[in-house]
Amino acid sequence: MRRIFVAFMIFSLLAPSIASSQSVGLVLSGGGAKGLYHIGVIRALEEHGIPIDCIAGTSIGAIVAALYAAGYSPDEMENIVLSGQPEKWVSGRIDDKYYYYYRDRDRMHGMLNIMLSTDRDMKLNSGRKRLNIPRSMINTSQIDMALLQLFKPASVACRGDFDKLMVPFRCMATDVNRHRAVELKSGDLALAVRASMAIPVVFPPVEIDSMILCDGGLYDNFPWRTLDNAFHPDIILGARCGKDDEPIDENVSVIDQAMTLATMPTDYDMPEDRSLMIKRAVDISTLDFSQGRYVIDLGYADAKQMMPRIEAMIGRRTAADEVAARRDRFKARCPELVTQSVRTEGIGRRQQQMVDRFMMIDRKRGSDMSQLSFGDVTDHYMLLLANTSLTGRFPKMEFDDSTRRFDMTLPLNLKPSLTLHFGGNISSTAFNLGYIGVDYQSWGRVLQQANLDMLLGPIYTMIRLKGRTVTMSRNPVFFDYSYNFNITNTLHGNFGNLTEVDNAEEIKAKESFLSFGVGVAPTRKSVFDFMINMGRNSYGYDMSNYKSRQYTHFTYLSPKIAIERTSLDKILYPTTGSRLNFSGIYVYGRDERDSRNELILPTDEDYIDDIRQWWGVKASWEQYFDVSRNGRFSCGYSVEGVYTNHSSLDSPEATTISAPQYSPLLHSRMIYMPQFHADRYVGAGIMPTVKIINRLYLRLSVYAMLRDKFEDSIMHYMSDLSVVYNTGAGPVSLSMTKYGFDNWRNLYLTFNFGYAIFGPKGLHY
C-alpha cells in the first residue's frame with residue numbers, strides 16, 4: 001500500500017512536466033482542392049492552444065503544411081486561397097492582363113486546341129522530325145512563380161534545412177523512374193512543394209537530385225510514418241479530406257480517374273494509443289478551388305467537434321502570443337524578394353534579343369535587372385510567356401549573402417510550333433458551324449505566324465489564310481497579310497422563329513479579298529493599325545420583273561485606319577470591362593450587273609458598269625460595371641455611330657446589303673434584316689446581367705437604332721433575354737430574341753453552344 005502511495009505521489013509530481021513536454025505532430029493528406037480543409041483544422045487547433053511541433057503533408061497537404069512551417073498564419077493562408085489566384089494558377093492560362101490585344105483581336109476561338117511539337121521544338125538531337133503531344137495539361141509558370149514568392153524567403157531563412165523552419169517540415173514526392181515514395185527534407189522549399197503537388201498528366205514533373213519527381217500522393221498520400229520516423233512526436237494528429245480507398249464510378253472526372261488508376265493504397269492506420277484523425281470525405285473535384293470558403297469551414301467545424309477528445313489527449317497548451325512571437329522571429333530572418341540579376345537559359349541567340357526586350361534586360365550596360373522587386377520580375381516574365389512562343393520551367397533563385405539580393409535564372413523552352421483548333425457552334429437554328437484551324441509559328445529575332453482557318457456551315461462559310469510578322473521594339477509592331485473568302489447564305493433554313501416573320505429577307509453574299517496591314521500596340525490592350533483590302537463582292541437577291549435571282553458584283557480597293565482598346569472579360573456576354581473603337585474608311589470600286597437576258601420583258605439597256613466611291617467613319621463604346629461589387633449583378637451599356645456617304649449601287653437591294661450593319665446581338669448577325677443596314681445611324685443599348693450561380697447568368701439586352709427613314713420609321717428596336725452558362729469549351733445559351741416592339745411578330749428562340757464565329761468584311765463595315 002505504501003508503494004502504491006509513493007508511486008501515485010511521484011506520478012502526481014511528474015504529470016505536469018510530462019504534459020508540458022508532450023510533442024505534437026500534424027499530418028495533412030493530399031486531395032487537390034479538398035485539402036483546403038486543412039486550413040480550417042489548423043485554425044481550430046491554434047485557437048484552442050494545441051501545439052504543432054512538426055508537420056508533414058503530401059500534395060495539397062504539402063502546400064498547406066509548408067505555408068504553416070514557413071510562418072504563415074491561418075488568416076494569411078485563407079487570404080491566399082480565397083483571393084481567387086489559385087483558380088487562375090490551376091487554369092493554366094496566364095492572366096489576361098499580360099496578353100497584347102492585337103494577338104487575339106481577329107483570332108478564331110476553338111473548343112479544343114491541340115499543340116503538336118517536333119523534335120527540333122523540344123531540343124532533341126534528332127535529325128528527323130516527329131510530332132509530340134505536350135508534356136502536361138496545365139502550364140505551371142504562374143504556379144511556379146507563386147511558389148517562389150511564397151516559399152523562397154523561408155527557404156533562405158532555414159538555409160535549406162527543413163528542420164530549421166518555424167515548424168520542422170516534411171513532404172512526399174514520387175520518383176517516377178524508380179516507382180517509390182521520396183521524403184523531401186532539405187533543399188529548395190518551393191521546388192519540394194512543387195514536386196509534391198505535380199499531379200501526373202495535369203502538371204509537369206520536376207527534377208531534384210537527378211530524380212524525376214511527381215505527386216507524392218501516388219505512393220504515400222498520408223505520410224504519418226515519415227513524420228513519426230523523423231520527429232518521434234508523442235501525439236500524432238491527422239487531417240484527411242478524401243474518401244476511403246473505394247472504387248470510383250463512371251461519373252468521376254478524367255483527372256480523378258487517372259489519379260485513382262496510378263495511386264497505391266494509402267496507410268491511414270496511425271497508432272491508436274497516441275493519435276487522432278480529423279476527417280471528412282469532401283465532395284468537390286480535384287481542381288475546384290472556387291469553393292475554398294466552404295471547404296475551410298468544414299475543416300474548422302470538424303476540428304472543433306473533435307476538440308474535447310484532442311484536449312483530453314494533449315495536456316500541453318501554447319498561448320497565441322507565444323505562437324505569434326515565434327512566427328515573427330522566423331519571418332524576421334526571411335529576406336526581401338529583390339533581384340539583382342535575371343538571366344535566361346535554354347534558347348538560342350536568335351531568340352535572346354526578343355527575350356531581352358520583354359524582360360527589360362539591357363546588355364549594353366553590362367547588367368541585367370537591377371534591384372527589381374519579385375513582382376516586377378514576374379510581370380516581365382508573364383508578359384514574355386504570354387506573347388511569345390516560349391514556355392518556362394521551374395525558375396532558379398540563388399541568394400547572395402553579401403548583397404542580400406537574388407540572382408534569378410529562367411529556364412525556357414520553345415513552344416510547340418503547330419497548333420490544331422477544333423470548334424464551332426452547335427445551334428437549334430440553321431446557324432451551325434464547324435471550325436478547323438491550323439497555326440504555325442517560327443520564332444527568332446521576329447515572330448512569324450501562319451494560320452489557316454475554315455468555318456463550314458449551311459448559312460456561313462469562311463476560309464482564311466493569314467500570315468503575320470511581329471517585331472518587338474518599345475512596342476510591338478506587326479505586319480498582317482491574308483486571303484479571305486466568305487459566303488453568307490440565308491436562302492434556306494430555320495432561324496428559330498416562334499411567330500410570323502416579316503423583318504428578314506433571303507440573300508446570298510460572297511466576298512473574296514486580299515488584306516494587307518501594319519499596326520502597333522501602344523499598350524497591351526490597344527491597337528492602332530492601317531490596312532488595305534482589295535477584292536470582289538457578289539450580292540445575290542430577288543427583284544421583281546426578273547426571271548431569276550440577280551447578282552451585283554463590286555470590285556474594290558478599300559483602305560482603313562483604326563484605333564481600338566478593350567478590357568472586356570469575355571469574348572461573348574461580357575460582364576466587366578470596356579471597349580472603344582474608332583475608324584475611318586475609303587472605298588473605291590466598280591459596280592457591275594448584266595441582266596439583259598433575265599428581264600421578263602427583255603431590253604438591251606439593263607447593263608450596269610459604273611465607278612462608285614465613298615468614305616465613312618465609325619465610333620463605338622461599350623462598358624460594363626459590377627454594380628453589386630461581388631459579381632452578382634452587372635450592367636452594361638453601348639453606343640455606336642456610323643456616318644458614310646455610301647454610293648447607291650446598281651439596285652436598291654445591293655445598296656442595302658453593302659451598307660453598314662448594326663448587329664449588337666448574336667442572332668442579328670445570323671440573319672439579313674434590311675432595317676438594320678443604313679448609311680448613317682446611331683445605336684444604343686443597355687445590358688443588365690444577373691449571376692445566378694457560378695458561371696450561370698441571366699442577361700437582358702435592349703437596343704434602339706436611329707436611322708434615316710425605312711418603312712415609314714426612323715426608330716428600330718431589338719431585344720434579347722438569354723440564360724448563359726460559360727463552359728471551358730465556350731458559352732451555352734438559350735435566348736429569346738425580339739425585333740420591334742409594336743407587334744408580336746419577329747420573335748425567335750435559339751439555343752447555341754460554342755463560338756458563333758464571323759470573319760472580317762472586305763468593306764470593313
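This is a predicted model: local features need pLDDT of at least 70, side-chain atom pairs count only at pLDDT 80 or more; totals for chains, interfaces and linings use all residues.
**View 1. Strand E14 pairs with strands E10, E12 and E13.** Strand E14 spans residues 405–414. Strand E10 (residues 338–345) runs parallel to E14 and is joined to it by six bridges. Ser341 has Asp407 of E14 as its bridge partner. Strand E12 (residues 390–392) runs antiparallel to E14, with three bridges. Here Thr391 is partnered by Asn413 in E14. Strand E13 (residues 396–400) is also antiparallel to E14, through five bridges. Met397 faces Met408 of E14 across this pairing. E13 and E14 make a hairpin, with four residues between the two strands. In the turn, Arg404 has a positive phi of about 55°.

**View 2. Helices H13 and H14 pack against each other.** H13 covers residues 349–359 and H14 covers residues 374–387. Their axes lie 8 Å apart, at an angle of about 135°. That angle falls between 115 and 145 degrees, so the two helices, H13 and H14, count as oblique. The crossing of H13 and H14 is right-handed. H13 contributes Val355, Phe358 and Met359 to the contact. From H14 come Val377, His380, Tyr381, Leu383, Leu384 and Asn387. By class, the contact of H13 with H14 holds seven nonpolar residues, two polar residues and no charged ones.

**View 3. Strand E21 pairs with strands E20 and E22.** E20 (residues 508–520) and E21 (residues 526–541) are antiparallel, paired over 13 bridges. Ser512 sits opposite Arg536 of E21. E20 and E21 form a hairpin, with five residues separating the strands. E21 also pairs with strand E22 (residues 550–566). This second pairing is antiparallel too, over 16 bridges. Ser538 stands opposite His553 in E22.

**View 4. His677 is a buried loop residue.** The loop that holds His677 runs between helix H15 (652–658) and strand E26 (680–693). His677 has 8% relative accessibility, under the 20% cut-off, and therefore counts as buried. Beyond its neighbours within four places in sequence, His677 contacts Thr656, Ile657, Ala659, Pro660, Gln661, Tyr672 and Arg707.

Methods: Residues are numbered from 1 along each chain as its sequence is written. Side-chain values use heavy atoms; hydrogens and water are left out. Buried means under 20% relative accessible area, exposed over 50%, partly exposed in between (1.4 Å probe, protein chains only). Contact means heavy atoms within 4.5 Å. Two strands pair if DSSP finds at least two bridges between them. Axes are lines fitted to C-alpha atoms, for helices over the stretch in contact, and angles run from 0 to 180 degrees between N-to-C directions. Angles under 35 degrees count as roughly parallel, over 145 as roughly antiparallel, 65 to 115 as roughly perpendicular and the rest as oblique. A crossing is left-handed if the near helix is turned anticlockwise from the far one by less than a right angle, and right-handed if clockwise. Ala, Val, Leu, Ile, Met, Phe, Trp, Tyr, Cys and Pro count as nonpolar, Asp, Glu, Lys and Arg as charged, and the others, Gly among them, as polar.
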